[in-house]
Amino acid sequence: GENLSNYYYQLLQQIVNDYHIDVSTSIGNLDESFVRFDLKSRKVIAERNAKSVYQLSCLTGEQLEHITVVSFVSSDGHSFPPLLIFKGNAGVPQAIITAVKQFDGNAQVCITPNGWIDDSSFVKCLTVFLRQLREWQPFEQYGWFLLCLDGHGSHKQLEVAKLCREHKVELLVFPPHCSHIVQPLDLSCFSVLKKGIQKAFCDALSASEVIVRSDGPLLIKPA
């Protein structure tokens, strides 16, 4: 409610003041988005009054269902290469590694059983992001950095807190059920990204007979 929102913004201001954080450069948001590849928004031409209308699906073999994209953006618009999470139970296939390198040579990639982020994949991702952060903003020059996250379980690990402390990063968790209102990546980036990916996916379906998991990064790239 209103009291929770007021408390959150008071806490945000207190952290900024206590750690002398430069709000123009030293606040960031790290978030993940579940990107589904489907045909929900694709239009199909059919005869008038047709009772059944079918869409051609090219998802065969190693079916491309979804990818989780983990992104970082700072208050001045700076971003780092993302982490792409695929669904699987073994190591990352070479075809996916090659595709991710074509998408972004510095992007991270991993596999989880359901394609969602989990505790270990988030720690791996955060470790790389924090290293990149301090290469970009050395503590001696910029001081403390404020990282804002939602309340996902993978974000609330002791190891996450320790990693952030080691890199002079203070954590602020968004209030429950409010991330769609206050989380910058949800508001400004992911909705546009998903629309662009859906268009690229439909275009790829029109041009190809088969789409597999390793096509995912190349569908994200034009978006």
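**View 1. The largest cavity of the predicted model has a volume of about 50 Å³.** A cavity is a set of points on a 1 Å grid over the protein atoms alone where a 1.4 Å probe fits but cannot get out; the volume is the space filled by probe spheres set on points joined across faces, edges and corners. One cavity of 30 Å³ or more is found in a search of the whole structure. Residues are numbered from 1 along each chain as its sequence is written. In this predicted model local features need pLDDT of at least 70 and side-chain atom pairs pLDDT 80 or more, totals for chains, interfaces and linings use all residues, and side-chain values use heavy atoms, without hydrogens and water.

**View 2. The lining of the largest cavity comprises 10 nonpolar, no polar and no charged residues.** Lining residues have an atom within 4 Å of a point; among them are Leu30, Phe72, Phe80 and Val169. Helix H3 (119–136) and strand S5 (145–149) each give two or more residues to this lining, with H3 giving the most, four. Helices (H or I, at least four residues) and strands (E, at least two) are DSSP runs, numbered from the N terminus.

**View 3. Strand S2 (residues 66–74) is largely enclosed by the rest of the structure, because nine of its nine residues are buried.** Buried denotes under 20% relative accessible area (1.4 Å probe, protein chains only). His66, Thr68, Val70, Phe72 and Ser74 point one way from S2, and Ile67, Val69, Ser71 and Val73 the other way.

**View 4. S2 pairs with strand S3 (residues 83–87) in the antiparallel sense over three bridges.** Pairing requires at least two DSSP bridges between two strands. Val69 stands opposite Leu84 in S3.

How values were computed:
On a 1 Å grid over the protein atoms alone, a cavity is a set of points where a 1.4 Å probe fits but cannot get out, and a pocket is an open set with protein on both sides within 12 Å along at least five of seven lines; lining residues have an atom within 4 Å of a point. Ala, Val, Leu, Ile, Met, Phe, Trp, Tyr, Cys and Pro count as nonpolar, Asp, Glu, Lys and Arg as charged, and the others, Gly among them, as polar. Buried means under 20% relative accessible area, exposed over 50%, partly exposed in between (1.4 Å probe, protein chains only).
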